[in-house]
Amino acid sequence: MAKIAVLEPRQWVSLYADYLYSYAVARLGDEEQARDLVQETFLAALERTEQFRGESSERTWLTAILKHKVIDVYRRRNSGLRATGGADRPEMDGTDREPEQEFFEADNGHWKEAYAPRALGIEDADPLTNKELGSILQRCLQKLPALWFSVFSMKHMDEAATEMICDQLKLTPSNFWVIIHRAKLNLRACIQKAWV
Amino acid sequence: MGAIKKIQYNCREATYLIEKRQHVRLSIKERIHLLIHLSGCSVCRLFQQQSRMINRVVKGMFKETAGEERRLDEDVKREMQDKINERLTR
């Protein structure tokens, strides 16, 4: 049992609970659910200590388990929102069931006057010094439909490969880009509204 | 409406390509469409700037998270460790 010697479950909570909790809250936007997942992660890890090979750190190993649990939550949240094909008309496939503003003129795709981006003076903002922008963005992220939020956060926070996200969330590539597009349109509009 | 005019008007397509381009290499046709559109559309150029800014902020938020910004309640932690210990001694 030499492998298990590297794992110290009696230290897990004091060493990693805050880290894992932060990781989960950032991806779920729900503190209670994040707390439950951290607990589940520790217990799941105990069940498979023999799978720990000591190649990664304890924290990395626990984070990988948590990450799978986060994706499971995304899947549960998205069940019932199954989108279907339609590569030739990407703007119409499945995601059109979500409530949202229509930003463009139906006939020629031009910006509708009311939704056209306006200069906010924060185009070159440094995210690390701009806390206000960060908190606005966080609020705007929470307003996205569940499926868009999960796609957006998997792509941006984890820089996951597109194929992996499509596979995990059962999306076609065309659906994936439509969601990335719509999520950004909505986020940008939400920020503009809050900022002006 | 001519083909070029259609591209020049189509901000929906242009913003879609702007998003896609931030993650993958566009096809030649897509690149030409976007180039033609952006050369004449200052609103979509602004959209592109703001879109990139949002991506930077999102990345920044993630780094902040890695800095263990949030703390779990001590009671919750004790409960978690108790559950772990309970399984260990089972």
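What follows is a conversation about the aromatic rings of this predicted model.

Colleague: How many aromatic pairs does the count come to over all chains?

Modeller: Over all chains, the count comes to 7 aromatic pairs.

Colleague: Why is the pair of A:Phe52 and A:Trp61 called edge-to-face?

Modeller: The ring centres of A:Phe52 and A:Trp61 are 5.1 Å apart, within the 6.5 Å needed for a pair, and their planes stand at 65°, which is over 60, so the pair counts as edge-to-face. Both residues are buried, and together with A:Trp12 and A:Phe42 they form one aromatic cluster.

Colleague: How do you know that the pair of A:Trp111 and B:Phe47 joins two chains?

Modeller: A:Trp111 belongs to the loop between α3 (58-78) and α4 (131-142) of chain A, whereas B:Phe47 is part of helix α4 (residues 42-66) of chain B, so the pair joins two chains.

Colleague: Why does each of these two residues, A:Trp111 and B:Phe47, count as buried?

Modeller: A:Trp111 has a relative accessible area of 6%, which is under 20%, so it is buried; B:Phe47, at 0% relative accessibility, is under that cut-off too and therefore counts as buried.

Colleague: What lies over the face of A:Tyr23, and what over that of A:Tyr19?

Modeller: A:Arg27 lies over the face of A:Tyr23, at 3.5 Å from the ring centre, and A:Arg59 lies over the face of A:Tyr19, at 3.8 Å from the ring centre.

Terms used:
Residues are numbered from 1 along each chain as its sequence is written. Chains are lettered from A and ligands numbered from 1 in the order in which they are written. This is a predicted model: local features need pLDDT of at least 70, side-chain atom pairs count only at pLDDT 80 or more; totals for chains, interfaces and linings use all residues. Side-chain values use heavy atoms; hydrogens and water are left out. Rings of Phe, Tyr and Trp (its six-membered ring) pair if their centres lie within 6.5 Å; planes under 30 degrees apart count as stacked, over 60 as edge-to-face and the rest as tilted. Buried means under 20% relative accessible area, exposed over 50%, partly exposed in between (1.4 Å probe, protein chains only). Helices (H or I, at least four residues) and strands (E, at least two) are DSSP runs, numbered from the N terminus. A charge sits over a ring if NZ of Lys or CZ of Arg is within 6 Å of the ring centre and within 35 degrees of the ring normal.
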